[in-house]
Structure formats: structure tokens, C-alpha cells
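Me: I've got a protein to look at and some questions about it. Can you walk me through the answers?

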Amino acid sequence: MQLPLDLAAAPAARLANFVPGPNQEALAAAQRCAAGELRALYLWGARGTGRSHLLTAIAAEQVERSGMAAPSGQAGPDHSGWQARALGQNSPIEQFVFDPDIQCWLVDDVEQLDRTRQEAAFHLFNAAMAHPGAVFVAAGSQPPARLGQLGLMPELATRLGYGLVIQLQPLAENDIATALKLTLHERGLSASAELIPWLLTHAPRNLGQLRGLIDALDRYALARHRALTIPLLRDFERDAQGLL
């Protein structure tokens, strides 16, 4: 099945709606980071295993703990009092400068950082670890030692291995089905009993993409006053292919 365009929207990532499956240790570590009990964590695994979900959820929980609401439920860079800052390759370099008012620093897809941002992340890690109460969480596709072999700045790769390192495993089919049912419940949606089994058979088993697909299907169904069924999905796929 070809997934249509514009499937970026998905239910807000929270620790409460992360379906751990074989990744219970990673969820427990994320909960400890959100509570400030674990100061350094590196999560690694293939795309679709929940790395970004956990980072976003940690940021969201830190923002909620600060008592301030962030736009779209995500941590933001320029508001004092927000306790989490999520960084990546597209983040302005000045955001990588340590700010003692930020309690939790999160760096996603570390292997995609350019050299300047790698150096900044290295200094940020050192500053965070030197500041009581600060937390540093990063995620990537490979373990720290492997990242160093693939060209990541060795000093940064070493720092990523200082804390707890956990590999995320792909979810089994029943866990993906559970996660999709939870997505439907969060959206207040009902779907035909055949929809989720059909998706698991015909669509890529990437939970982020599947959640995005359900979200897009919901918008498509609302516009046509129809229920979430396999015939609706086939119409949606046909119409989306006509736009490619």
C-alpha cells in the first residue's frame, strides 16, 4: 500500500499513550527522566520504534510540570519557565547553549546533526551534567560506539554512552494493534472491526505512519460524513494517489 501525502499529524505523544511492548525498560527510564530522577539517557533503534515519541512525551511532561502551556503541546525554545527544550538538526544553533532555567534537554536524531551542532551538543551535555537537576536525553539510530564509527564526533559519542543506554525494539503485531486502538480511543473514533487487521496486513508496520494514516482518514471521513471502514480507506487511497 502506498501511504498518501500529508500524514504528519498524529495524536500528541505522552508517556501514558506509549505502548511499550518489549520496551518497558525504555518507558520506565523516560518516566524517571521526566521526574528528574535519571539525568542521562540515550535511546536508539530503527525508525518507528518510539524514539521520538518518548522524547516528545518527556518534553510535554516537563512543560506540564512547569505549569505553563506550550503551543501544540510541544516544548518551545524562547519562553522562560518551560522546563524542556527539544533540539534537532533544524534547531537554531544558539538554542544549544546551556540555560540553567531549562531542566530537561532533548536531542533527537543525533546522527543527523552537522559538525557545528555536534560540538554544541557535546558542550551542552557537559554543562547539563555539571548543573544539579538538569537532564539530558538523546536518541539516534545506532548505539554510541557505532555512531562514532559512522562519523559522529568521538567526544559526543562517548558522552552519549555515559548514561543509561537502551535499545528500542520493534513492536509485535498485537502491540501495534493495541496502540492503534488507543489512538482511535483518544480521538473518540469508532472504526469497523476489519480496519486495523487490514492496516496491519497492507500498510507498513511503522506506528507513527499508521497513527498519521488514521488521523488523515478521520479528516477524510469527516469531510464526507462517512464511517471509518475499509471502503472509505480504499477511496481515500485512490483520491490521494490522484494527487501524486
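Me: Which residue's side chain does Asn17 join in a polar contact of 2.8 Å?

Reply: Quick note before we start: this is a predicted model, where local features need pLDDT of at least 70, side-chain atom pairs count only at pLDDT 80 or more, and totals for chains, interfaces and linings use all residues. Residues are numbered from 1 along each chain as its sequence is written, and side-chain values use heavy atoms, leaving out hydrogens and water. A polar contact is a pair of N or O atoms within 3.5 Å; within protein, one must be able to donate a hydrogen and the other to accept it, and residues adjacent in sequence count only if both atoms are side-chain atoms. At 2.8 Å, the partner of the Asn17 side chain is the side chain of Glu186.

Me: Is Asn17 buried or exposed?

Reply: Asn17 sits in the segment before α1 (24-34), helices being DSSP runs of H or I with at least four residues, numbered from the N terminus. Leaving aside residues up to four places away in sequence, Asn17 touches Ala12, His53, Leu182, Glu186 and Arg211, where touching means heavy atoms within 4.5 Å. Buried means under 20% relative accessible area, exposed over 50%, partly exposed in between (1.4 Å probe, protein chains only). Asn17 has 5% relative accessibility, so it counts as buried.

Me: How many of the 244 residues are buried, as a percentage?

Reply: Take the protein's 244 residues and ask what share of them is buried. The figure comes out at 48%.

Me: How many helices and how many strands does the protein have?

Reply: Strands are DSSP runs of E with at least two residues. Along the sequence, the pattern goes α-β-α-β-β-α-β-α-α-β-α-α-α-α. That gives nine helices and five strands.
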